[in-house]
Amino acid sequence: MSLSYRIAYVFLRNLYSYKRFVVPTFLVSLVEPLFYLITFGVGMGAYMGAFGGQPYLHFLVPGVLASASMMSASFECLYGTFVKIVHEKVYDSLITTPVSADEAVAGDIAWGSFRGLISGVLMMVVAVFMGVAPAAPWRALALVVFMIFIGLLFGSLAMIVTSISPSFDFFSYYTELIITPMLFFSGVFFPLDHFPAWMKGLAEALPLTHAVVLSRALFTGQPAPGWGWRIAYLAVLAAAAFAVSIRMMRKRLIK
Amino acid sequence: MGTLVTASALTKTYGDFTAVAGIDFEIREGECFGFLGPNGAGKTTTVRMIHCVSPVTSGVLTVAGLPARIDNRDVKGMTGVIPQEIDLDVDLTVEENLVIFARFFDIGRREAKARIAELLRFAELEAKARSKISELSTGMKRRLLIARALINRPRLIVADEPTTGLDPQARHLIWQRLRQLKNQGTTLILTTQYMEEAQQLCDRLVIMHQGRILKEGVPGRLVEDEIGREVIEVRTPPEDDARVLGQMAGFACAHERVGDTLYFYCREGHGLRQKLLELDLPNTLNRPATLEDVFLKLTGRSLHE
């Protein structure tokens, strides 16, 4: 792999381009959490009463933080990167400079992670206004670091899909068959305790499940069972996805 | 003058398809070297290997003594690329396109600012610095591509069909700029399928066809050696051939029939024209031989897709 500090230049390029889209993307990033927190948290939560001794919203927020980071990072590395490669030809010009294709891809994954972080942080701010805050101020900071990591993980996974995608339509397979189902199997909206054993087993294989458990532990301060191996699983998966995505994108970009 | 680029037995294959079939060439420092050929001749593939974005399958290729390997940052750092396709960053303004490219080349902020001001002037785009790319005409976009390629003060410029899709004014402006760069000592590599462009700019050129080099030389001399000085086109039906050729028997001219036209390639055509006029043919054309004739002779007149 040919990676250097030049990754930062690719990130910078995205930041420049982002200037023009800041307002619309902030609006989208704000409306999405409000939608989740109000419909599920307030609307559905009203029927659920206390949830582990607390209002449902307290259960929901940490899970949605993780899933929002996942969503934004994934979409950025699917659609955002695809547009840059196929429609805007940004990569074509970029690789004629001392910046390598590997760095371009890594920079875009970093960028996806950043977009995930923005979504997560906005969500956290909205939650605080709704009376759901991390158990201690430093935990907010820990969650920021965690969301960056979640973004790198799901950004890399999405980048693998982008590397083999012939067109936009191809992304539906990934978003509809993997990302969306994962949202409902990973304990974002309800605990997995009542799943039958095979469904639990399935859920345990999904990275988002562990991200949600860890996010909840970081948020509430209640220790998560098996947090060590969960972190290890996600870290190994992230490293593998990153390496594979770079290799596969190189195949797409270098002919 | 020293040699800047050397290729020997340079080959590029994609699966079963051979895009470049073991070619040899040398490009001297400070000259304009052209790759001329029809679509699919292997010109673009060759220059992409030179500027290190496409891996060499086999053979040796060096730029300034360095191996032209994929991602060779030293070669890329001294090269400016003017691409065939307009790949400006449409999310960025004219100025930002240059700012971000300066970053890619590790150029410090203050230095970048000075160079960008100078390049905007060079490309006559000062008034458009804050414009979006979509607000530019094709000619302006092409000029910005040149400015962008110069941001790192390159020793070598690779221009891949730099005037595609331009009107004559815009094309001549680009040619002037490229010649200006050459006069400043920059080495220029040009690919083109426009004969006029090759004749306008190139000191030496190779004619490529199906991944091979058919001919190498100085444009003017190539024309004279391969074709002669003059071409006469006689548009008559093939039935007239015997009569026309009979009339021409005394002249040392090569001839060729293509479709509705009988071509004569001659060293000296004046008396010949007189002789042809005696035949009272309705449609004859006497013109100087050009690179286009060489090109068509060497690559055949069939369509190359």
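Reader: How many residues of chain B are in contact with chain A?
Author: 23 residues of chain B are in contact with 21 residues of chain A. Contact here means that two C-beta atoms, placed from the backbone, lie within 7 Å. Keep in mind that this is a predicted model, where local features need pLDDT of at least 70 and side-chain atom pairs count only at pLDDT 80 or more, while totals for chains, interfaces and linings use all residues. Residues are numbered from 1 along each chain as its sequence is written, and chains are lettered from A and ligands numbered from 1 in the order in which they are written.

Reader: New topic: how many residues has the largest nonpolar core?
Author: It has 148 residues, and I50(B) and V64(A) are among those with the most contacts inside it. Such a core is a set of buried Ala, Val, Leu, Ile, Met, Phe, Trp, Tyr and Cys residues joined through C-beta atoms within 7 Å. Helix α3 (residues 56–87) of chain A gives the largest share, 17 residues.

Reader: Where does this core lie relative to the domains of chain B?
Author: Between them, because domain 1 (3–219) and domain 2 (228–288) both give residues to this core. Those bounds come from an automatic or database domain assignment. The C-alpha centres of the two domains of chain B lie 41 Å apart.

Reader: What does I50(B) touch?
Author: Leaving out residues up to four places away in sequence, I50(B) touches V5(B), L61(B), V63(B), A68(B), V158(B) and I189(B).

Reader: And what about the phi of D71(B)?
Author: D71(B) isn't a glycine, yet its phi is positive, about 65°. D71(B) sits in the loop between β5 (66–67) and α2 (73–77) of chain B.

Reader: Is R153(B) buried or exposed?
Author: R153(B) is exposed, with 12 other C-beta atoms within 10 Å. The cut-offs, with C-beta atoms placed from the backbone, are 20 or more others within 10 Å for buried, 12 or fewer for exposed, and partly exposed in between.

Notes
Helix = DSSP H or I, 4+ residues; strand = E, 2+ residues; numbered from the N terminus.
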